[in-house]
Amino acid sequence: MKPIQVGLLGIGTVGSGTFKVLQRNQEEIKRRAGRGIEITMVADLDQARARAAVGEGVQVVNDARAVIANPDIDIVIELIGGYGVAKQLVLEAIAAGKHVVTANKALLAVHGTEIFAAAHARGVMVAFEAAVAGGIPIIKALREGLTANSIQWIAGIINGTTNFILSEMRDKGLDFGTVLKEAQRLGYAEADPTFDIEGVDAAHKVTLMSAIAFGIPVQFDKAHVEGITKLAAQDIKYAEQLGYRIKLLGITKRKAQGIELRVHPTLVPAKRLLANVEGAMNAVVVNGDAVGTTLYYGKGAGGEPTASAVIADLVDITRLHTADAAHRVPHLAFHPDAMSDLQVLPMAEVVTSYYLRLRVADEAGVLAQVTGLLATAGISIDAVLQREADEVGGEGSTQTDLIILTHDTREGTLDDALAQLQALPTVLAPIVRIRKEELS
Ligand code: HSE
């Protein structure tokens, strides 16, 4: 049988990696897919770059629409990124009856409902293993491997840039700005790292995982998104003294009232495997009612690791494209007419525990005042750490840091209590609040 023909839109690091791995492992991939898979056409505005990546024998064009219009192309790989032209091209490829493979988490997290509906109506597949956690086959695991389970929760380190920065901050005791500059110099962080450091990239990814785990539509606009830019080295140090590490986690949980969907810096017990994922690595923990807790670890970015996921999708499509559409794995794991209407909960309804740091006047009665106010609000304290004033503010200091770990509390209740604490004259600076997850 003649090889299935693939057109590639955008050939940067991942595109080149995909071409290279497909060539290198073509015999084995063919034995698995039952048919050869060949990239025969590439579109890139930088044609010289494209030609250098694929050599002779592959058609290189600068117009992505020429790839979509080519009747010989069966699958289009979209590696352009963003919500703009990429969305238009993906919808056009679907309308032209092409299957689509994409690594574009932003596009699917924001416009997934429209894109999957269009693909369903046209009877084509949109595959996106590479969109979440790079080379880790987490979409496959959630959608197929764990299909027996009622998934309870997912917590993941799904942004390598921020995990690298947090690891360096902890290791070297440096502040965020210094480490960010170093990460950019080493090529770990992009020149414009906003999506990474503000938690947006992780929120795109956890939005997709949440939809697949719980059978809800993709709803990026309902996700709580908080990055690491305000994190102080001091809090990383205090957390460590209390037996925790701070990680930027994407978290989604099934609760009786709805779904929690959030990204924020999180204290994780230092003894958990997730707390020990260092540098630019990714890891995702999934808890299912039957299987218990499972962990997936690997490279979340990079040419060949991401190509590994792209090619897995190509193989899946090659195996399934002649199958009746009803017999394929649904895009979001659940059949489109069997989606859940569980709502994403507002943050005020989220229940978790907290790390609080209060800069207070080092005076008699302050600790009692703070703990008394928390007790009145019904917030139970798990641990308290008070630093010596000299250590915090230098010799003769009259201020100190009070660190409190709470038990599980409704976020809305904590917000009210924090507003009251902040108003106390003995609380001298904005209170730091970091959420904590035991992940047990
Ligand atoms: N920028 C992402 C990261 C990789 O740092 O993990 C692509 O999603």
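How many nonpolar, polar and charged residues does the lining of the largest cavity have? By class, that lining has three nonpolar, one polar and four charged residues. The model is predicted, with local features needing pLDDT of at least 70 and side-chain atom pairs counting only at pLDDT 80 or more, while totals for chains, interfaces and linings use all residues. Residues are numbered from 1 along each chain as its sequence is written, and side-chain values use heavy atoms, with hydrogens and water left out.

**The ligand and its shell**

- Among the polar contacts (pairs of N or O atoms within 3.5 Å), a side-chain N or O atom of Lys105 is 2.8 Å from an oxygen atom of the ligand.
- A polar side-chain atom of Lys205 also lies 2.8 Å from a ligand oxygen atom, and a backbone N or O atom of Gly160 lies 2.7 Å from a ligand oxygen atom.
- Taken alone, the ligand exposes 260 Å², of which the protein buries 82%; these areas come from the Shrake-Rupley method with a 1.4 Å probe.

**The largest pocket**

- The ligand sits in the largest pocket, where sitting requires more than half of its atoms to lie within 2 Å of the grid points.
- On a 1 Å grid over the protein atoms alone, a pocket is an open set of points with protein on both sides within 12 Å along at least five of seven lines, and lining residues have an atom within 4 Å of a point.
- The volume of the largest pocket is about 1100 Å³.
- Of its 39 lining residues, Lys105, Glu190, Asp196, Asp201 and Ala301 are the closest to the centre.
- Two or more lining residues come from each of helix H1 (13-24), helix H6 (105-122), H8, helix H10 (194-197), H11 and helix H13 (303-320).
- By class, the pocket lining has 15 nonpolar, 17 polar and seven charged residues.

**The cavity**

- The structure holds one cavity of 30 Å³ or more, a cavity being a set of grid points where a 1.4 Å probe fits but cannot get out.
- The largest cavity has a volume of about 40 Å³.
- Its lining consists of Leu166, Ser167, Arg170, Ile236, Arg245, Ile246, Lys247 and Glu278, with H8 and strand S9 (244-255) giving two or more residues each.

**Backbone features**

- Ala333, in the loop between H13 and strand S13 (351-361), has a positive phi of about 75° although it is not a glycine.
- Leu439, in the segment after strand S17 (432-436), is not a glycine but has a positive phi of about 55°.

Conventions
A polar contact is a pair of N or O atoms within 3.5 Å; within protein, one must be able to donate a hydrogen and the other to accept it, and residues adjacent in sequence count only if both atoms are side-chain atoms. Grid points are joined across faces, edges and corners, and a volume is the space filled by probe spheres set on the points. Helices (H or I, at least four residues) and strands (E, at least two) are DSSP runs, numbered from the N terminus. Ala, Val, Leu, Ile, Met, Phe, Trp, Tyr, Cys and Pro count as nonpolar, Asp, Glu, Lys and Arg as charged, and the others, Gly among them, as polar.
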